[in-house]
Amino acid sequence: SDLSGGLDSTAVTVMARDLLPSSEPLHTFSNLFEDAPGSDAREFFELVTERDDITAHKIYLDETKALVDQEEVVRYLDHPPHDTMHFAKWERLKAASEVGIGVQLSGVMGDSAVGYGFGMLPRLLRPGRLYQLFHELRAMGDVVGAPTRQLLRQNALDPLIPTTLKR
């Protein structure tokens, strides 16, 4: 299981562990960047990998080059990678293959399945929960680097306006 320490990969890992027979360890694969402390999520994924029935594999990427194994990557992906982070996934796949793992689960794109949180803003505005709405808007603005007013208009007010009136 890919394990980044985020909510999605953690949920997938915990469920996979629960579904496997107790006699079979679950192997997890996590990327680390020693030279980039801001990208270090080990405190989160180690909470999961502390279990006795999980075998954690840490892949240190500081020395890994993004353009290695290009022909092999394209052959496996069946297309050129669409971003520069393909090398991190590629290194996890290589580590999994080295220990005999043929299938890897991940939480990739989990956010797009459940939304990014903006959908709750109209649900706070409609019943007049303004204090909580502005608290969420300020927090979201800090995360995404957008002004509160812009987030209010685009994500709380606009969804409440019928499409026919927007024309």
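The structure is a predicted model, in which local features require pLDDT of at least 70, side-chain atom pairs count only at pLDDT 80 or more, and totals for chains, interfaces and linings use all residues. Residues are numbered from 1 along each chain as its sequence is written, and side-chain values use heavy atoms, with hydrogens and water left out.

Helices (H or I, at least four residues) and strands (E, at least two) are DSSP runs numbered from the N terminus. Strands S1 (residues 26–32) and S2 (residues 54–60) run parallel and are joined by seven bridges; two strands pair if DSSP finds at least two bridges between them. Asparagine 31 has isoleucine 59 of S2 as its bridge partner. Together with helix H2 (residues 42–49), S1 and S2 make a right-handed β-α-β unit; right-handed denotes a clockwise path from the first strand over the helix to the second, with the strands pointing away from the viewer.

The largest pocket is lined by 43 residues, of which Asp2, Ala88, Lys89, Arg92 and Val108 lie nearest its centre. A pocket is an open set of points on a 1 Å grid over the protein atoms alone, where a 1.4 Å probe fits, with protein on both sides within 12 Å along at least five of seven lines; lining residues have an atom within 4 Å of a point. Helix H4 (86–98) is among the elements that give two or more residues to this lining, and the largest share, 10 residues, comes from H4.

In helix H8 (residues 148–157), Leu151, Leu152, Asn155 and Ala156 are buried (under 20% relative accessible area, 1.4 Å probe, protein chains only). Seen down the axis of H8, these buried residues fall within an arc of 110 degrees, so they line one face of the helix; the arc is that of the directions from the helix axis to the C-beta atoms.

How values were computed: Buried means under 20% relative accessible area, exposed over 50%, partly exposed in between (1.4 Å probe, protein chains only).
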